[in-house]
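Thanks for coming. Let's take a quick look at one helix and what surrounds it.

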Amino acid sequence: MALPAPLPARLFAELVPAQTQTPTPTGVPPAPPGREMHVSGSAELSAGPDRARVSLRLGSRKEEAGAARSSVARRLEYIAQTARQRGVPEENMTITEDFSRVENTYQMEAEVCIIFSDFGKMQNVCNLLIEKLGTSITISPPHFYHTPGAIDTLRRQVCVAAVGNTRQKAQEVCRLFGQTLGKPLLIREEETKEWGGHIDRPVSNSPDSLTLQERIQNATAYASCRVFAVFEIKGKEKRRNKLL
């Protein structure tokens, strides 16, 4: 049986020798250029969602229009008050109402969408509303997501991490050959990738069966970055003996 072909070697660091330069017209050779190191490095980071949206639905059907409206209004006020007392700003709550006539009764329905940045507060609010209002409201599972600012922060962090890993790799190679790493001469971003945690993770057919941590994991964003850098290489630093 034939053996599989070996994988091609991947170059991650290269010491470039100094190039020989011709003398100037005056006959004096120019200062020799420093040696360089060409090195590539990468990093991969993840960020959990920073927002969660919860929808609460409630309704009432009464023979009198005022009774249907007041029944829903009381619960809406309690929901809003509970969220405000736990630090949810007014602009993070959206209320929509629908009033209709069904046969000989009046039906009032409402939906409250609340956006949370603190998931602990979200759980406390939802648990309290279920305890106090019971089956008179329906709370949907939280939808976790990222704000644009959180994604931009992840992109910056992974690029900075890739540069740091590349420099660390260059320093280790320099120490291996007894050299001192100098300043960077070139740093170039070669490849960036972004993907979500749900891509390679099977999702249950019933979203209600997922735990809170599983929902957060499914909404986690990932990013990777690969960079190429050229660093100056200094010779060994000579220690001078100081006479006391």
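The buried residues of α2 are Phe119, Met122, Val125, Cys126, Leu128, Leu129 and Leu133. Buried means under 20% relative accessible area, exposed over 50%, and partly exposed in between, with a 1.4 Å probe and protein chains only.

A word on the model. It is predicted, so local features need pLDDT of at least 70 and side-chain atom pairs pLDDT 80 or more, while totals for chains, interfaces and linings use all residues. Residues are numbered from 1 along each chain as its sequence is written, and side-chain values use heavy atoms, leaving out hydrogens and water.

Back to α2. Helices here are DSSP runs of H or I, at least four residues; strands are runs of E, at least two; both are numbered from the N terminus.

Now the ends. Asp118 caps the N-terminal end, with a side-chain oxygen 2.9 Å from the backbone nitrogen of Gly120. Just after α2, Gly134 takes a positive phi of about 60°.

What covers the buried residues of α2? The cover includes β3, α1, β5, β6, β7 and α4. Contact means heavy atoms within 4.5 Å. Ile79 touches Leu129 and Leu133, among others, not counting residues up to four places away in sequence.

Last, cysteines. The count is zero disulfides, a disulfide being two cysteine sulfur atoms within 2.5 Å. The sulfur of Cys159 is 3.7 Å from its closest cysteine sulfur, in Cys225, too far for a bond.

Notes: A polar contact is a pair of N or O atoms within 3.5 Å; within protein, one must be able to donate a hydrogen and the other to accept it, and residues adjacent in sequence count only if both atoms are side-chain atoms.
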